[in-house]
Amino acid sequence: MSLQSDLSLSAAKFDPAAVPAQAARLNGVLLKVMSQGPTWNEVFLSVGAARYREMRWNNETALPRPPVLESGINATIPSRDKGRDIPIRRFKPEGEIRGTFMHIHGGGWVLQSEAHQDTLLKAIADMGGLAVVSVGYRLAPEHPFPAAPDDCVDVANYLIENAEREFGGPLRFFSGESAGGHLSLLTYLHVHANPKLQLAGLVLHFGCYELSSFLPSSYTKKNTPIVTLQGMQDFIDAFLPNTTEIQRRDPLISPLWADWVAIGNTLREAGGKLPPILFTVGTEDPLLDDSVFMAAKWQMAGGEAILKVYPGAPHGFILFEEKVLKSVGECLRDMKAFFAEKLAV
């Protein structure tokens, strides 16, 4: 009998030959499109991040304005600061509500809002039977760290206390894409000891979990669509101004640096456990290693980590349409299966 590894990954998923022709074409189109319009950092250096956000919403950038669904409801949740509320966007499922799903959007802590992913959020609401609450946290550089995680923690604490009464079901999931994946894990780190927390799991799409100097795939993957190494560095500098590499290794900034083994042990001693996490990421994402490393760390701590890798998928792929990229449908089906399994427990 051959020696068995304690960690197993499917090497076939990472083989360049596994990239579907459809994904390769999409990546080529994205690179061409992105080269035709100003990048956020180019606009930021000239007129500011707020102007780029306005341009994005007005269809003045390379990427189109996201669709806005009439079924989305705008509301607010109180913050820790007297007189300041946090904007949220809500979606209800077509059928029975089985719980509340807290969503945190991506955009490098600088761009986008709670209103930039309506199509995805409505799909999550319907396929999971979940009341979806998307958080409009404060954006950098106007509001650098810790503004964004503070807002997300405030919303999480509010939902822990009030979700069942106000939204129809208890808080069951944290989720986000890219910077939102990072903020989702930070939020869990802040509230994990709350005995009222009833999480069924986390769903983290292509998150960034090491903010001090990035992981190897950020350097080795060249010519990637959507985000580049320089772009990520610009986002980090806007989010964490005047901080050193060592300071950025604080677990409340870079969750990969948290002692998750100790956290898991403490939870078990109290009769609890780490919640399961579904990690999703494409092989053409410079943040690929973040999901792989974080999934391994979660397993080391005794938590269930399901890592789903989609050959050829770029950063942000889940926000495309399935007819454009088959991996989108695969990911949605993986999410639906995760919801069904974890809500049945």
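Predicted model: local features only at pLDDT ≥ 70, side-chain atom pairs only at ≥ 80, totals over all residues.

Residues are numbered from 1 along each chain as its sequence is written, and side-chain values use heavy atoms, with hydrogens and water left out. Helices (H or I, at least four residues) and strands (E, at least two) are DSSP runs, numbered from the N terminus.

**Aromatic rings**

- Rings of Phe, Tyr and Trp (its six-membered ring) pair if their centres lie within 6.5 Å; planes under 30 degrees apart count as stacked, over 60 as edge-to-face and the rest as tilted. That rule gives 12 aromatic pairs.
- Take Phe101 and Phe173: their ring centres sit 6.2 Å apart with planes at 45°, so this pair is tilted.
- Phe101 belongs to strand E3 (residues 99–104) and Phe173 to strand E5 (residues 171–177), so the pair ties together parts 72 residues apart in sequence.
- Phe173 also pairs with Phe339, with centres 5.0 Å apart and planes at 65°, so that one is edge-to-face.
- Phe339 is in helix H12 (residues 326–343) and Phe173 in strand E5, so here the parts tied together are 166 residues apart in sequence.
- Ring pairs join Phe101, Phe173, Phe338 and Phe339 into a cluster.
- Buried means under 20% relative accessible area, exposed over 50%, and partly exposed in between (1.4 Å probe, protein chains only). Phe173 is buried at 0%, and Phe339 is buried at 1%.

**Helix H10**

- In helix H10 (residues 260–269), the buried residues are Trp260, Ile263, Gly264 and Leu267.
- They span an arc of only 100° around the axis, which puts them on the same side of H10; the arc is taken from the directions from the helix axis to the C-beta atoms.
- Among the elements covering these buried residues are helix H7 (179–191) and helix H11 (288–300).
- Just after H10, Gly271 takes a positive phi of about 90°.

**H5 against H12**

- The axes of helix H5 (residues 118–128) and H12 come within 10 Å and cross at roughly 40°. Axes are lines fitted to C-alpha atoms, for helices over the stretch in contact, and angles run from 0 to 180 degrees between N-to-C directions.
- On the H5 side, Leu120, Ile124, Met127 and Gly128 meet Leu332, Met335, Lys336, Phe339 and Leu343 in H12, where contact means heavy atoms within 4.5 Å.
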